[in-house]
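Please keep the structure in view while reading.

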Amino acid sequence: MSVLAHRLREPSVIPGFGITLGVTLTALSLVVLIPLSALFLKAAGLGFSDFIATAFDSRAMAAYGLSFGAALVAALVNLFFGTLVAWVLVRYRFAGKRILDALIDLPFALPTAVAGIALTTLFAPNGAFGSVLEPLGIKVAFTRLGVILAMIFIGLPFVVRSVQPVLEDLESEVEEAAASLGASRLQTLWLVVLPSLLPALISGFALAFARAVGEYGSIIFIAGNMPGQTEIAPLLIIIKLEQYNYAGATAIASVMLIISFVLLFVINRLQHWRQSRMEGR
Amino acid sequence: MSLRLSTASLTLALLLGFAPSVKADATLLNVSYDPTRELYQDFNAAFARHWKDKTGEVVTVNQSHGGAGKQARAVIDGLEADVVTLALAYDIDAISEKAGLLPKDWQKRLAHNSSPYTSTIVFLVRKGNPKALKDWSDLVKPGVQVITPNPKTSGGARWNYLAAWGYAQKQNGNDQAKAQDSSKALYANVPVLDTGARGSTNTFVQRGIGDVLLAWENEAFLALDEIGRDKVEIVLPSLSILAEPPVTVVDKVVDKHGTRKQAEAYLNYLYSKEGQEIAAKHFYRPRDPEVLKRLGARFPSLTLITIDEAFGGWQKAQKTHFEDGGIFDAITRK
């Protein structure tokens, strides 16, 4: 065992590799791996042709499309606004800054059902915002736009909290140097600030995206939940469960998990590849 | 210090829902569906009084509410319900079938198909009925928005769906293809599919979406009281369905808890005069002819079809209409 452990790791001066890795693997297995393998095991009980029929019928495909598509849009919006919020919080001093800073985390703490009901109340055709938007022909509640809105709400803190600390650590001397070498403000932003922020941006984006894909509580209130149109994949899972179709529910869950894992893995590799390229330069 | 401690523990006890002075000799858990909250709050208190008078024993009944499908699944997955009082027989069948907690013929154990009260499906429309919606045939017209929950997740929604189907079936001389066409047209008019009956009521009432809400009669009456008769009104279609929400003791659980005596008495008390009166007060139609006569003025009579004669029972209806790949999937597929 110790021979194997020695072979698998690079020599380190810090002791305790065996025990920390052991605890990590045990905890990870109990909390993450075992429940997930149970999921795949249950889905496997369905048999190949039934699995394909359940997991890839047109209704399920529409639900994946909505869940992943809307999550992508929401994460992109959050990427932009989240970065802007982080920028404002780090770079400027103004009254109420601390309160604003604390507000950012609220979507983390708020029960998602509350968020969903609040957003629906505001954006329903008779709500405060909805009644203004309705005459303009813009419908938010009970449409795909509503789904995206809920996802933006719950995902915003992830980008802000990923970008903020990196931005704080960014030394202003670097920007001053760029300026004194004749770079315009836009050039400084684009060529100096942005590249240093990129890893934080990517991980914030990935977190917001993953959170949005899995979101259920707030979306079912604001989406119309119409099959094929505004039905998110997690709702389809719940529907299968309520029909006592456990295997069908796990089939859809497995597909979601695999897509999510592949996407997050790609994002992770992208990050890695970029970093090694930077270091090699 | 000790005062503060006792205040704290009292607060805690209250928060947890226990009154510290009452010591319960027996506790029952009644797992029910969405709109029966108010009914069972009242009934539980009445039963506790009755049981105390009769036996001297203090019985506490805890309630759990939610969509009928979800509730049945919770019992199957191990929620220890002494009694279940659900929206339709199919969900209790599922408990019997999947978990074996009660015998297959459970529905024969109590009178009236084990349904101490009944209800039906009615329309709730905006005040003055601006779109003149009088019957099921008006709901399929273009431009009418119908609010009903998803029959895959809501028991009430299944009754809604079947009532509409029953009407179309009758109009078209039992032609199933035509019934399917009008069902398709009806669901094309549905802008939001909530997961439960209460969700749909909220969509219609709070969000102001839709021209008509298909609702349990008791939910419709409740909505009248909650939001006022000046905002909405009830319309009775020419034909609807007799909804029989059944009740039963969960045998394996009561035998484990030793609460069979109390659980059976609890359900039987639903059939008593007081139980029937409470049901009527909460807008469920009582079975007792005397109570119905005395308090039944609010329940207008209308033609009611039953699930057994129109659809050949729940098992068959479920299989044909609501299972994956059934007719509901076909008509909502784009």
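In this predicted model, 26 residues of chain A and 32 residues of chain B take part in the contact between the two chains. The area buried between chain A and chain B is about 2,400 Å².

**Area of the contact**

- The size of an interface is often given as the accessible area lost when the parts come together.
- Carbon and sulfur atoms give 49% of the area buried between chain A and chain B.

- One salt bridge joins the side chains of Arg59(A) and Asp329(B), with an N to O distance of 3.0 Å.
- Chain A and chain B also have 13 residue pairs in polar contact, counting pairs with both residues at pLDDT 80 or more.

**The chain A side of the contact**

- Three helices of chain A each supply at least two residues of the side that touches chain B: helix 4 (58–91), helix 7 (112–123) and helix 13 (233–242).
- Helix 13 of chain A gives the most to this side, with five residues.
- By type, the residues on the side of chain A that touches chain B are 12 nonpolar, 10 polar and four charged.

**The largest pocket**

- The largest pocket holds about 570 Å³ of space.
- Its lining has 26 residues, and those nearest its centre are Ile220(A), Phe221(A), Thr195(B), Gly196(B) and Gly199(B).
- Both chains give helices to the lining of the largest pocket: helix 7, helix 12 (219–222) and helix 13 of chain A, and helix 3 (68–76) and helix 9 (197–205) of chain B, each supply at least two residues.
- Helix 9 of chain B gives the most to this lining, with four residues.
- The lining of the largest pocket divides into seven nonpolar, 11 polar and eight charged residues.

**The second largest pocket**

- The second largest pocket holds about 370 Å³ of space.
- It is lined by 13 residues, of which Phe80(A), Thr83(A), Leu84(A), Leu189(A) and Leu194(A) are the closest to its centre.
- Helix 4 and helix 11 (185–214) of chain A are the elements that give two or more residues to the lining of the second largest pocket.
- Helix 11 of chain A gives the most, with seven residues.
- This lining has 12 nonpolar residues, one polar and no charged.

Terms used
Residues numbered from 1 in each chain as written. Chains lettered and ligands numbered in written order. Predicted model: local features only at pLDDT ≥ 70, side-chain atom pairs only at ≥ 80, totals over all residues. Heavy atoms only, no water. Contact = heavy atoms within 4.5 Å. Buried area = accessible area lost by both parts, 1.4 Å probe. Salt bridge = Lys/Arg side-chain N within 4 Å of Asp/Glu carboxyl O. Polar contact = N/O pair within 3.5 Å; in protein donor to acceptor, adjacent residues only side chain to side chain. Nonpolar A, V, L, I, M, F, W, Y, C, P; charged D, E, K, R; others polar. 1 Å grid on protein atoms, 1.4 Å probe; cavity = no way out; pocket = protein on both sides within 12 Å on 5 of 7 lines; lining within 4 Å. Points joined across faces, edges and corners; volume = space filled by probe spheres on them.
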